[in-house]
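Please look over the notes below, which concern charged side chains and their pairings. Have the sequence and the model open while reading.

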Amino acid sequence: MDDDDDELRALRQQVADAPDAPGAHAALATALQARGALDDAIGAHRAAVDAAHQQAAIASYNLGAALVAAGRLDDAAAAFATATTLAPRWLPPLDNLTAMRALLGQWPEAEAAARAALALAPDHALAHHHLGLVCGQTARLDEAAAHHRAALAADPTLADAALALGATLTAQGDHAAARAAYRQARALAPTRADAALALALAELAHGTVADAVTTAAAARALAPTDPRGHAVHGSALTRAGDHAAAAAAYAAARDLTPDDPDAHYNCALAAEAADQPDLAIAHYRAALARAPRHLPSLLNLSRVLVDLRRLDELEPLYQEIEALVPANTMTPHLRAALRGELTAAAPRAYVVDLFDALAPRFDDLMVGTLRYAGHRRLAALIADRAAGRRFARALDLGCGSGLVAPLVRDHVAWLAGVDLAPRMIEVARARGLYDELTVADVVDHLATVPAATLALVTAADVLIYLGDLAPLFAAVARALTDAGWFAFTVERSDADDVVLQATGRYAHGRAYVARLAAAHGLTVLALEAFEVRHEADLPVPGWLVLLARAP
């Protein structure tokens, strides 16, 4: 360079001032070649080629960005692919190519682009995040979580990675860890409504209802025109027992999306929670007016109509449900009840579907809305008659969400529960009061219990799904110890021994219960009339029963 003339010095300065300009490198190369400095000229020509490629890559990249803005994702992907070919070590086109392939559902191509970026920069946060998204979409959840965590380790401010990690952990069923990830996203992006909404849903899943109410309210405030925030706030308020505010939140969501049947369906749920069945019917019918085959509305509308004893309106609904779900066992059972037929028991699949669906709100519905009292009356009867007796081993049949457990736990040394519905068992397990929980049919489970080992068997609001109680009585009598107790509730029939009601539940006569007890060596200690619950503001009559196995 010390031998450069003024022209070469000027050309070198132009290259220094504009290192990405192909023309500057080319002019220097020509001058060097004219002076016989061939090695230097070749180097300058190569720099000109590289700069030209970089300029073309930038142009392709900018074209891709414009095509994205125009919604032409296929063309945008092609432009980003050209940019990566021209500048293979330039990360932004690879990142955008990955995103385009993912948006187009081209998962293998998206994965290849993300891995190419990671080959260039193993700690590149965005590439880890993108690869995590691809893994999540292709059911590789462990890999997805690992890449989202790697993204956050590389860039702790990447809120999208925290959100995606939360979604992955939710899919894995780890709601506590998901909530922590969503909290991180919310802290990183406090003005993003999607982060608040995701956290609110996680808090609901985790059972921290008060936090869910607050966070969902924040989501509504951040995005007042997004119906999802209003709907989630409504769900949280329902869980918190603030039914009036929940109804207002659901109404806000409906007003934003008046043609969405789900919005009207949520309003109906709020009306039910507020014990306004006529209003609930109107909302369910509004949902069906927009989507005549909206199955949740058909199911719930038929149930409310049964509760109100508006039985003449049911048949068209049952026909529609059977047409939508011909393999379901629920509707034939309910139609049999409507026709006055008697069956031996409610179909198992019907019971499982019913209570799995109710599990998240079962306690609120039963105790709050329906004023269910069977569990309390049963426990009080046991405590009163036991007079301080402590039972060595007890089994709660059809334990459901575990309403009986906290009321009898102090009277038993060991308590097990059994229920057909897996999601109800999950709720019961969360109470932490059972020593053992099993998903099974109650009669089938009793057959596995060693004979004469149970000092107490309870069954609150369970026998209403069994018509013929003889198999159950035989199984309980076999499992009870001498002087062991069988405490249960049934709905009351004042006419026939067994009646299949329009609700799909069975009612049993007093004489029938007494005959079965005698036939299986059980003595009646109590057989009292009481009100099990309320439906449509009318009490549901029942029997409160305590039997003892003769020593």
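Which side chain does R533 meet in a salt bridge?

1. The partner is E535: the two side chains form a salt bridge, with 3.9 Å from N to O. The model is a predicted one, and this distance is computed from it. R533 and E535 are both buried.

2. E535 also pairs with R505, and here the closest N and O atoms lie 2.7 Å apart.

3. Is R505 buried or exposed? R505 counts as buried because its relative accessibility is 7%, and the cut-off for buried is under 20%. E535 is buried by the same cut-off, so its value of 3% puts it in that class.

4. These pairs are part of a network of salt bridges. The network links R309, D461, E491, R505, R533 and E535.

5. A further pair to look at is E341 with R339, whose side chains meet in a salt bridge at 2.9 Å from N to O. R339 is exposed, since its relative accessible area is 53% and exposed means over 50%. E341 has a relative accessible area of 36% and is therefore partly exposed.

6. How many salt bridges does the count give? The count comes to 29 salt bridges.

Terms used:
Residues numbered from 1 in each chain as written. Predicted model: local features only at pLDDT ≥ 70, side-chain atom pairs only at ≥ 80, totals over all residues. Heavy atoms only, no water. Salt bridge = Lys/Arg side-chain N within 4 Å of Asp/Glu carboxyl O. Buried < 20%, exposed > 50% of the residue type's maximum accessible area, 1.4 Å probe, protein only.
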